Amino acid sequence: MIWDWGYTLEILPQMAEASLVTLQATVMGFALAAVLGLIWAIINLMEIPVVSFTVRLFVEFIRTTPMLIQLFAMYYFLPLAGVILPAMLCGVVVLGVHYSAYCSEVYRSGFLQVDRGQWEAAKAINLSTSLTLKRIILPQAIPPIILPLGNYFVTMFKETPVLLAITIIELVATARIIANDTYRYTEPMTLAGIFFLILSLMAAKLTRVVNSKMALPGQQEF
Amino acid sequence: MSIRALVSILCVTILTGTFYFLQSPFADSGAVFLEAAVTTLKLVIVSAVFAIIIAFTAGIGRLSPWLPVRWACVGYIEIFRGTSALVQLFWLFYVLPLFGPRVEPFTAGVMAVALNIGAYAAIVVEASIRAVPKGQYEAAIALNLSSFNRMRRIVLPQAIRIMIPPFGNLAIQLFKLTALVSFIGISDLTFTAYQLNQTTYLTVQVFSIVLFMYFAIGICITIAMKFLEQRYSRGIRLGSAT
């Protein structure tokens, strides 16, 4: 076997540190995705003539093109437009916008689950649209979709390595740097995989906990 | 979106894309982009075929009566769903040769994409087979069909109809995943875009053209899958009790 435990322990701290970068990028990206996704879903729901169609087209575009090329495009476009972002911020924005397209579909399914009567009742007691959304619809639409949203959170962990293309040194990038220095690929690459397994298992667990905390009365728990 | 809306978006994309391309400085060097697109398409098709084979093997394997087979399939699915696709790609490309065979970049790329998507698709296959009503199995047993024929003639045709919508999403995922192979130096669309950007500094043009191409291919895949979905669900509403 060509597995060296001493070497593994030696690179472990470096890898653990890098996993924090992965964690950071994912959490910030997911926060952005959750907010933007909700905005896209609400715009779609309101059926504002031109705006809704544009948003739908935008979402379709984001979903059908690879994130890597979006990342490159943003990373090289923005400086031309005079905006100079740190690589990390650029990466988080692209990650967030990319997954907001997926989240908007999840929110849409959440909205569909809310009974029409709720909208009509809110209208009957003269609530404004924003109040209806805030007080009536969202509290009912969000809890059932915690799990699918969480799935995207877990998926995002596994998508963050793409950020190494724009010089963000996260788990896989670190593994590659270590491997290129020492010409030992087995341990760093396998460790990176194990770290991802641990991170996604933790994220999945967190999702389930949040889901059971926020479940509506009578909602089926998994 | 409906098929008709998608087709009109596709037409607009192709028209705008072609127009944009013709007035860009790359109008004379279309072959570079075309070659890259062909590489991407090759990757998509080859890995899709393998992904489907893997998905059916692992998905049906998870329903096997033999425990070791079930464990092997669960192990494969969990490992490939739990780790990042890029880790798998690097592992196959850098680590696998240490154990034996030299792996060509294209092979490593196809293997990584197919194994990754195959794991997700295996779950879909398993769930769809489970979703076929129990009565169908019982009827097939009553008719004295062998377990192979039961699967082939009775269960799978019904399960495939259930699989197609999630497979449509996975097809797009697979298509997007192929962009990652640029990391191991396969000159697909992404790699070509990156290199052209480095050599010509025509950032906006290069990435816009490639994004147009990706979007057009992606929409084609979406339309194809929607079309399949429609074909397979034909006649289902008529008097089916399931």
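Because the model is predicted, local features need pLDDT of at least 70 and side-chain atom pairs count only at pLDDT 80 or more, while totals for chains, interfaces and linings use all residues. Residues are numbered from 1 along each chain as its sequence is written, and chains are lettered from A and ligands numbered from 1 in the order in which they are written.

Chain A contains nine helices and zero strands; helices (H or I, at least four residues) and strands (E, at least two) are DSSP runs, numbered from the N terminus. Its elements therefore read α-α-α-α-α-α-α-α-α from the N terminus on. Taken along the principal axes, the C-alpha atoms of chain A fill a box of roughly 70 × 45 × 25 Å. Of its 222 residues, 39% count as buried. A residue is buried if 20 or more other C-beta atoms lie within 10 Å of its own, exposed if 12 or fewer, and partly exposed in between, with C-beta atoms placed from the backbone. Two residues are in contact if their C-beta atoms, placed from the backbone, lie within 7 Å. Among the contacts in chain A with a separation of 6 or more, 79% are between residues 24 or more positions apart.

Ten of the 14 residues of α7(A) are buried, so the helix is largely enclosed by the rest of the structure. Among these buried residues are Ile146(A), Leu149(A), Tyr152(A), Phe153(A) and Phe157(A), and also Lys158(A) and Glu159(A). Their cover includes α1 (5–46), α3 (67–80), α4 (87–113) and α9 (186–214) of chain A, together with α4 (85–99) of chain B.

Helix α1(A) also packs against α8 (residues 171–182) of chain A, at an angle of about 150° and with the axes 8 Å apart. Axes are lines fitted to C-alpha atoms, for helices over the stretch in contact, and angles run from 0 to 180 degrees between N-to-C directions. The angle makes α1(A) roughly antiparallel to α8(A); angles under 35 degrees count as roughly parallel, over 145 as roughly antiparallel, 65 to 115 as roughly perpendicular and the rest as oblique. On the α1(A) side, Ile11(A), Gln14(A), Met15(A), Ala18(A), Ser19(A) and Thr22(A) meet Leu171(A), Thr174(A), Ala175(A) and Ile178(A) of α8(A). This contact has six nonpolar, four polar and no charged residues. Here Ala, Val, Leu, Ile, Met, Phe, Trp, Tyr, Cys and Pro count as nonpolar, Asp, Glu, Lys and Arg as charged, and the others, Gly among them, as polar.

Two loops of chain A hold residues with a positive phi. Glu47(A), in the loop between α1 and α2 of chain A, has a phi of about 50° although it is not a glycine. It is exposed, with 9 other C-beta atoms within 10 Å. Thr167(A), in the loop between α7 and α8 of chain A, has a positive phi of about 70° and is likewise not a glycine. With 11 C-beta neighbours inside 10 Å, Thr167(A) counts as exposed.

In chain B, helix α5 (residues 105–131) and helix α7 (residues 147–177) pack at an angle of about 155°, with their axes 8 Å apart. That makes α5(B) roughly antiparallel to α7(B). The residues of this contact divide into 17 nonpolar, three polar and no charged.

Helix α8 of chain B (residues 189–200) leads to the other chain. Its buried residues include Leu189(B), Phe191(B), Tyr194(B) and Leu196(B), and the buried residues of α8(B) pack against α3 of chain A together with α2 (30–61) and α9 (203–232) of chain B. After α8(B) comes Tyr201(B), whose phi is positive, near 60°.

Across the whole contact between the chains, 29 residues of chain A are in contact with 30 residues of chain B. On the side of chain A, α2 (49–64), α3, α8 and α9 each supply at least two residues. The largest share, eight residues, comes from α3(A). By class, this side of chain A has 20 nonpolar, five polar and four charged residues.
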